[in-house]
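Grab a viewer and work through the exercises below. Try each task on your own before reading its solution.

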Amino acid sequence: MAVLNNITPQEAINLEDKYGAHNYHPLPVVLSKGEGVFVWDVDGNRYYDFLSAYSSVNQGHCHPSIVNAMIQQAQTLTLTSRAFHNDQLGPYEEFVTRYFGFDKVLPMNTGAEAVETALKISRKWAYEVKGIPENEAQIVVCENNFHGRTTTIISFSNDPVARDNFGPFTEGFIKIPYDNADALEATLKNNPNIAGFLVEPIQGEAGVYVPSEGYLAKAKALCEAHNVLFIADEVQTGIARTGRLLATCGNCSCENKDCSGTPEVKPDILILGKALSGGVYPVSAVLANDAIMKVITPGSHGSTFGGNPIGAAVAMAALKVINNEELTENAYQLGNLFRTRLNAYIETSTIVISVRGKGLLNAIIINDHEESDTAWNICLKLRDNGLLAKPTHGNIIRFAPPLVMTETQLLECVDIITKTLKAFEKS
Ligand SMILES: *Cc1c(COP(=O)(O)O)cnc(C)c1O
């Protein structure tokens, strides 16, 4: 029976089924409240959130300082469009560029829009700075990538479900294997018309594929050698998720003391979204230095809501939470603990093959074929035991809780997860 709301779970699900397009396949649970690492369903049952809206809610659900920033700004000024200036955008742009160590930012709303923006900047840079002949620019992408859902972005996806019957597709992309610097080198050597290399530092949607040590640095060096822009899509991996401020973090000149982990590379173009707002509002951003961002001129690109005062105020508050609560360090420590504990369990497990990830972006691989529904059934059981997670691809389950988790909570979650998995062990 509904106690927190006047709708039953089945009624809510039926309404979505009848009136909403069926573009998702949600786990059957109807949520009505969130706080920190927890969400509650309409019956008042509490769950640990181990998806965090695909790593958007890094700062925890309904973080008071982010929500307050939104309320205050919503009561003051919500939208001006970029036809006029607003008093939040400039301070936010100064803050976010210093935070990540870039000259300039181009503010957008969703992750896919930010990826589109980065692609457009790269092409324009290729023609106006690098000198590639008109309409010849190519962008190198990786197999099994996920960069969003627009027509251009799905043009270089190799997920049949994301592509089927959405053609004709946008040209100008070359797909190479992920985590393969030799393939990148061969492609860059053989083609003078490459504008950029678009890459996820860890492939999240594909199933939390962590590339081998040194891959990103090698790829960046190859890009530099061939005058090709290294474009990092950190929409999912960014903002402390992987135990570093950015998964590519390293030699950047950012003023972020909270930045921990092994230095790797500084991208030429950095794409952020999701946790940039702590999950309270769609805010995305593309960061680059002047030599690249200068190709953007009035009228050449934009968005009515991009850079709006609420988004600016919310993003600033969300980034401050990352530092104030040392969430990068927490993600690093808890991530190590999580994988250590799961690995100890996996040693004797017949149902889990392995755990992989960085910081608090992890996944377990279920010992069953890709089309089996075992991972889905495990997620249903996890739900019954008070923890929400979702399979990514077939037999892979992603675990990405909010980064505000405590060690005690994490250990309780490890207990829930291992107890649930044990019920699926093959005898
Ligand atoms: C989620 C995601 C996107 C798309 O973001 P939307 O806000 O859903 O458009 C792009 N790139 C990566 C790596 C993502 O995880």
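## Exercise 1: Glu205 and its neighbours

Glu205 touches Tyr54, Phe146, Gln236, Thr392, His393 and Arg398, leaving aside residues up to four places away in sequence; contact here means heavy atoms within 4.5 Å. Before going on, note that this is a predicted model, where local features need pLDDT of at least 70 and side-chain atom pairs pLDDT 80 or more, while totals for chains, interfaces and linings use all residues. Numbering runs from 1 along each chain as its sequence is written, and side-chain values use heavy atoms, with hydrogens and water left out.

Solution: 
1. Look in the loop between strand S7 (194–199) and helix H9 (215–225): Glu205 is there. Helices (H or I, at least four residues) and strands (E, at least two) are DSSP runs, numbered from the N terminus.
2. Look at the side chains: Glu205 and Arg398 are joined by a polar contact of 2.8 Å. That term means a pair of N or O atoms within 3.5 Å; within protein, one must be able to donate a hydrogen and the other to accept it, and residues adjacent in sequence count only if both atoms are side-chain atoms.

## Exercise 2: The ligand

Task: find which polar atoms of Ala112, Asp233 and Lys274 lie by the ligand.

Solution: 
1. Start with the backbone: a polar backbone atom of Ala112 is 2.8 Å from a ligand oxygen.
2. Move to the side chains: Asp233 puts a polar atom 2.7 Å from a ligand nitrogen, and Lys274 has one 2.7 Å from a ligand oxygen.
3. Now the cover: the ligand taken alone exposes 380 Å², and the protein buries 81% of that. Areas come from the Shrake-Rupley method with a 1.4 Å probe.

## Exercise 3: Strand S12

Task: work out which strands pair with S12, and how.

Solution: 
1. Take S11 (residues 352–358): S11 and S12 pair in the antiparallel sense over 6 bridges, with Val352 bridged to Ile366. Pairing needs at least two DSSP bridges between the strands.
2. Check the turn: this hairpin has 2 residues between its strands, and Gly359 takes a positive phi near 55 degrees.
3. Then S15 (residues 396–399): S15 pairs antiparallel with S12 over 4 bridges, and Ile396 is the partner of Ile365.
4. Finish with the cover: in S12 (residues 361–366), 6 of 6 residues are buried.

Terms used
Buried means under 20% relative accessible area, exposed over 50%, partly exposed in between (1.4 Å probe, protein chains only).
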